[in-house]
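Me: Could you walk me through this model? I would like to go from the single chain to the contact between chains.

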Amino acid sequence: MVQGRPPPRRARSPLVRPSRSQAPLVAACDSAIGRIFRIEGGDAALWSNVFITYLMGDMAFGALLDTLDEESGRTLEALAAVLETVRARRIALVP
Amino acid sequence: MVVAAQEGGQDPYPTKRRLPIQVANEAKMIAGTIELLYVHDVGDITSRMIADASGTATNYISRYFGGRDGLLAAVADELGMKISALVRGDPSIMRFDQPGNHLSRITSIPEVALWFKLYRYLTGRNVPASTMRSGKPPIVRAVEASISSIFGLEGKYLPICANLFLTYTMGNEAFGGFLGTTDEEAEETLVTMYQVVHLLMDQTALPAVD
């Protein structure tokens with residue numbers, strides 16, 4: 001390691017993106033989640049990350065984790081229901 | 001040491017009658033492969049290396065496991081049980097203030113890194129969980145048991161929470177770099193999932209899940 005250079009954060013997969021700009025897929029997902037659930041800013045980015053990482057994780061590892069399509073569907077429904085609940089509570093607190 | 005043979009003294013694969021010598025050879029081959037995984041990439045481990053490390057023969061792999069993928073699936077199964085036993089055997093892992101700390105403790109277990117390495121390889125080989133001889137992967141059962149004991153969550157939402165935590169963690173491990181997810185964002189998301197579990201416990205706020 002070159003002296004003075006900070007250590008690497010952690011090992012990543014070979015799919016690490018070379019640029020630090022936002023991936024078009026992530027931008028599209030942020031926008032879609034924002035419009036579907038009527039949230040914006042940091043909330044949209046956070047929930048978009050939850051959904052897209054879950055979906056990609058399920059596509060890659062679902063078979064190995066023995067996740068049925070029905071089970072992943074229920075998980076996504078539960079996530080959507082929780083998001084709606086969180087949003088409704090915020091609206092109630094800050095109308 | 002093979003954990004599967006220890007837990008409760010029960011045969012983990014009771015539907016299949018096997019000779020004691022076969023059970024012993026399988027255990028040696030699984031243990032030998034785990035030792036090799038500490039120092040080699042999965043793709044670099046050959047049948048000859050497994051046979052040498054376990055003191056068996058190369059043709060035992062196809063005879064006992066139906067091939068190399070079958071052996072690796074059995075190793076993944078064994079690692080899952082080992083991780084489960086390690087987590088249950090260390091009460092300090094179960095005491096935590098933040099869900100991120102709990103996950104950090106679990107992911108710092110060396111066997112978890114081996115397990116991820118193996119699963120990434122098996123995913124590329126398109127090997128499904130049905131290859132595992134003990135059914136639902138032990139890591140899934142371990143995460144369900146862990147969430148149940150930590151949050152006191154039972155019933156229909158328990159598999160959902162376990163599936164969410166596990167799939168997100170593995171998805172982030174594999175694709176976090178590609179998606180540009182920072183460690184801070186992943187941590188924030190895990191804290192959000194902690195809140196998700198609490199909201200799921202308040203079942204009346206949600207539509208019924210059959």
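Predicted model: local features only at pLDDT ≥ 70, side-chain atom pairs only at ≥ 80, totals over all residues.

Me: OK, how many helices and strands does chain A have?

Reply: Chain A has three helices and zero strands, where helices (H or I, at least four residues) and strands (E, at least two) are DSSP runs numbered from the N terminus.

Me: And at what angle do α1(A) and α2(A) pack?

Reply: Helix α1 (residues 24-37) and helix α2 (residues 41-61) of chain A pack at about 110°, with their axes 8 Å apart; axes are lines fitted to C-alpha atoms, for helices over the stretch in contact, and angles run from 0 to 180 degrees between N-to-C directions. That makes α1(A) roughly perpendicular to α2(A), a term for angles of 65 to 115 degrees.

Me: Which residues of α1(A) meet α2(A) there?

Reply: From α1(A), the residues are A:V26, A:C29, A:D30, A:I33, A:G34 and A:F37.

Me: Switching to the chain contact, how many residues does each chain give?

Reply: Chain B gives 38 residues and chain A gives 34 residues, two residues being in contact if their C-beta atoms, placed from the backbone, lie within 7 Å. On the side of chain B that touches chain A, α9(B) has the largest share, with 16 residues.

Me: How do α2(A) and α9(B) cross?

Reply: Their axes come within 7 Å and cross at roughly 100°, and α2(A) and α9(B) are therefore roughly perpendicular to each other. Among the residues that meet are A:Y54 and A:F61 in α2(A), and B:Y168 and B:F175 in α9(B).

Me: Last topic, which residues have the most contacts inside the largest nonpolar core?

Reply: They are B:A76, B:L118, B:C161 and B:F165, in a core of 62 residues. A nonpolar core is a set of buried Ala, Val, Leu, Ile, Met, Phe, Trp, Tyr and Cys residues joined through C-beta atoms within 7 Å, and a residue is buried if 20 or more other C-beta atoms lie within 10 Å of its own. α9(B) gives the most to this core, with twelve residues.

Me: What does B:L118 touch?

Reply: Not counting residues up to four places away in sequence, B:L118 touches B:L37, B:V42, B:L72, B:V75, B:A76 and B:L79.

Key
Residues numbered from 1 in each chain as written. Chains lettered and ligands numbered in written order. Buried ≥ 20, exposed ≤ 12 C-beta atoms within 10 Å, placed from the backbone. Parallel < 35°, antiparallel > 145°, perpendicular 65-115°, else oblique.
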